[in-house]
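Trainee: I would like to learn how to read a protein model. Please walk me through it, one feature at a time.

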Amino acid sequence: MDEHISEAIGRPDLIRLDDGLVCLRFETMKVVSALAAVRHLLDTGAVRRGDTLVDSSSGIYAYGLALACHRYGMRCHIVGSTTVDHTLRTQLAVLGAHLEQMEPSSDLKLDQKRRVARVQEILREHPGYHWMRQYHDDIHYLGYRAVADRVHEETGAGGLTLVGGVGSGASTGALAHCLRRHRPGTRLVGVQPYGSVTFGSEHVTDPDIIIAGIGSSIPFGNVRHDLYDTLHWVAFDAALTGSVDLLRRHAVFAGLSTGAAYLTARWERGRSPGRTVVFIAADTGHRYVDTVFARHRDAARIEDLAPREVMTPDELVLPWSRMDWNRSPAPSGASL
Ligand SMILES: Cc1ncc(COP(=O)(O)O)c(C=O)c1O
């Protein structure tokens, strides 16, 4: 029996969709990370019950942190991006989290920079607040250890490939790191949008909206570039095709980063028959009903899509590129 809803929400489902294709499906992925991070801060005495935890978020981390604060009796202050929607805003208000939402801006880079500046300002005004630093503090890796153990136990003994979108880098980085302790041959495939500095795609602009939660316009300390074997860059339209096909073919209703990961996972499975490819579904499809699922007739046939193989990020092209990253270090614009 769970003691709090956050524990149930943080426990993912493992679903075998097809031969060698497994979905690691979360309702809201960051709950598992925020819970373990807050527990660690309390256990080590870095914070005490009743203290205020602050961070900026574009969506699902805000919800994760608000639930963790509810669970452990902490106050929660979120500087939210313009992408925080009405449903989340309302949930946060009732949960007792304080949300400051940035002015509407179509420039998500500017939005990200403004949020970081606002967090600094809040910390100057309230030196007692604890800044969670989800993009930089590796306590956000802790919660994924139990998830990795389960993936290991339930996927048998063969070769394993993990595919997931890279935002802060905590989920893919932590899962691969922990899985490699059991199975050193585990391959890690990261998924990025175009226009992100993290793996050097900032020079290619996706004309449609970006994929919420993955990629970044500023360097993140939690991305460990040398864990990734392969990178895929997926544009909005190709991710839409993935999300729609995942619902149509397998009845899994998940978000846009999941659509991009599913598209990528199918491709990687085709290249390496015999391995089990596990892809991460970080959130459900509800936030994407209007922008993605209502446009299901626009989706291409997934079989008709294939990535362009590139040797360096300079060669990246829309709508889908693939590159052997070979556990290289961070590109120059992405290191701190
Ligand atoms: C929908 C979605 N997918 C994927 C990710 C990437 O997760 P991580 O920050 O662990 O790299 C995020 C992070 O915010 C997200 O919101």
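This is a predicted model: local features need pLDDT of at least 70, side-chain atom pairs count only at pLDDT 80 or more; totals for chains, interfaces and linings use all residues.

Trainee: What is the phi of A251?

Mentor: Start with the general idea: most residues other than glycine have a negative phi, and most peptide bonds are trans. Here the phi of A251 is near 65°, a positive value in a residue other than glycine.

Trainee: Which peptide bond is cis?

Mentor: Look at the bond from L318 to P319, which is cis with omega near 0°. You will find P319 in the loop between strand 11 (308-310) and strand 12 (320-324).

Trainee: At what angle do helix 2 and helix 3 pack?

Mentor: In general, two packed helices are described by the angle between their axes and the distance between the axes. Axes are lines fitted to C-alpha atoms, for helices over the stretch in contact, and angles run from 0 to 180 degrees between N-to-C directions. Helix 2 (residues 30-43) packs on helix 3 at about 45°, and their axes are 8 Å apart. Helix 2 and helix 3 are therefore oblique to each other. Angles under 35 degrees count as roughly parallel, over 145 as roughly antiparallel, 65 to 115 as roughly perpendicular and the rest as oblique.

Trainee: Which residues of helix 2 and helix 3 meet?

Mentor: Contact here means C-beta atoms, placed from the backbone, within 7 Å. From helix 2, the residues include V31, L35 and V38, and they meet a group in helix 3 that includes I60, L65 and A68. This contact has 12 nonpolar, two polar and three charged residues. (Ala, Val, Leu, Ile, Met, Phe, Trp, Tyr, Cys and Pro count as nonpolar, Asp, Glu, Lys and Arg as charged, and the others, Gly among them, as polar.)

Trainee: How do the axes of helix 3 and helix 4 cross?

Mentor: The axes of helix 3 (residues 60-72) and helix 4 (residues 86-95) come within 10 Å and cross at roughly 15°. That makes helix 3 roughly parallel to helix 4. In this pair, A62, Y63, A66 and H70 of helix 3 meet L88, Q91, L92 and L95 of helix 4. By class, six residues of the contact are nonpolar, two are polar and none is charged.

Trainee: Into which domains is the chain divided?

Mentor: There are domain 1 (5-29 + 141-331) and domain 2 (31-138), with bounds from an automatic or database domain assignment. Their centres, taken over C-alpha atoms, are 24 Å apart. Domain 1 gives 23 residues to the contact and domain 2 gives 24.

Trainee: How many residues surround the ligand, and which are the closest?

Mentor: The shell has 18 residues, and the closest are G167, S168, S171, G213 and A282. A residue counts as near if its C-beta atom, placed from the backbone, lies within 6 Å. Helix 7 brings the largest share, three residues. Both domain 1 and domain 2 supply at least three residues each. By class, the shell has seven nonpolar, 10 polar and one charged.

Note on methods:
Residues are numbered from 1 along each chain as its sequence is written. Helices (H or I, at least four residues) and strands (E, at least two) are DSSP runs, numbered from the N terminus. Two residues are in contact if their C-beta atoms, placed from the backbone, lie within 7 Å.
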